[in-house]
Amino acid sequence: MSRKQLSRVILLSGTPGVGKTTISNLLRLKGYPVFNLNDFIIKHGLYFGYDHSRESVIIDENVLKAKIEKELEQFPELLFIEGHTSEIVPMEFVKFAFILRCKPSILRERLSLTRDYSHSKIEENVQAEIMDECLIAMQEQLPSSLILELNTSDLIPENIVEQIISRISKT
Ligand code: DAT
């Protein structure tokens with residue numbers, strides 16, 4: 001199958017706290033299928049430990065890639081995949097990647113208000129945003145022409161969803 005036939009996945013990535021879950025829920029309400037990478041990892045037991053210092057599960061990338069590929073082969077429609085490590089999705093399936101961005105001060109506030117994270121985990125995430133970590137990880141996998149950054153700092157979630165839908169409708 002050609003890349004064009006396979007590419008029906010829209011990735012939604014970004015540092016924790018930028019709004020991936022919020023946007024995914026709105027997309028689901030509008031009838032779009034959205035697949036959460038973390039839930040998939042946990043449901044299929046695709047991790048082999050827990051990194052206490054980073055407060056996150058340790059994944060087996062090769063096993064996860066193979067499992068996603070198998071799942072996608074059975075899924076014929078347009079599909080959003082959400083997760084801050086979504087660059088792990090085999091790139092022949094990817095049509096676009098949206099990287100949600102947020103000003104560090106606003107991200108810090110969002111994480112402090114809504115997450116039960118330690119101070120160091122909040123700062124680790126704020127630093128990751130400052131250092132463009134999700135963007136760079138995506139750029140290592142996908143041509144820049146397929147990566148779209150969306151600044152969420154001053155936009156309400158509904159507007160962000162409108163921008164995403166408008167962009168994907170143009171193709
Ligand atoms: P993520 O899934 O990327 O970790 P989230 O959707 O859980 O992020 O959002 C973190 C918090 O920020 C949550 O309380 C909702 C809020 N939030 C998300 N998007 C926002 C936006 N565009 N404007 C204001 N608050 C937002």
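Modeller: Let's go through the pocket, the ligand and the cavity in turn. This is a predicted model, where local features need pLDDT of at least 70 and side-chain atom pairs count only at pLDDT 80 or more, while totals for chains, interfaces and linings use all residues. Residues are numbered from 1 along each chain as its sequence is written, and side-chain values use heavy atoms, with hydrogens and water left out.

Colleague: How do I read a pocket, and what volume does the largest pocket have?

Modeller: Rolling a probe the size of a water molecule over the atoms shows where empty space is left. On a 1 Å grid over the protein atoms alone, a pocket is an open set of points with protein on both sides within 12 Å along at least five of seven lines, a cavity is a set where a 1.4 Å probe fits but cannot get out, and lining residues have an atom within 4 Å of a point. Here the largest pocket has about 1500 Å³. It is lined by 47 residues, and Pro 16, Asn 38, His 84, Thr 85 and Asn 125 are the closest to its centre.

Colleague: Which space does the ligand take?

Modeller: A molecule sits in a pocket if more than half of its atoms lie within 2 Å of the grid points. The ligand takes the largest pocket. Its shell draws two or more residues from each of α2 (20-29), α5 (104-114) and α8 (157-169), with α2 giving the largest share, 3 residues.

Colleague: How many residues surround the ligand, and which backbone atoms lie by its oxygen or nitrogen atoms?

Modeller: A residue counts as near if one of its heavy atoms lies within 4 Å. By that rule 15 residues surround the ligand, with Gly 17, Thr 21, Thr 22, Arg 115 and Leu 155 the closest. For polar contacts, look for N or O atoms within 3.5 Å. A backbone N or O atom of Gly 17 is 2.7 Å from a ligand oxygen, and one of Val 18 is 3.4 Å from a ligand oxygen. Leu 155 has a polar backbone atom 2.8 Å from a ligand nitrogen.

Colleague: And how many cavities of 30 Å³ or more does the search find?

Modeller: A volume is the space filled by probe spheres set on the grid points, which are joined across faces, edges and corners. The search of the whole structure finds 1 cavity of 30 Å³ or more. Its lining includes Thr 15, Ile 99, Arg 101 and Asp 132. The largest share of that lining, 3 residues, comes from α7; helices (H or I, at least four residues) and strands (E, at least two) are DSSP runs numbered from the N terminus.

Notes:
Polar contact = N/O pair within 3.5 Å; in protein donor to acceptor, adjacent residues only side chain to side chain.
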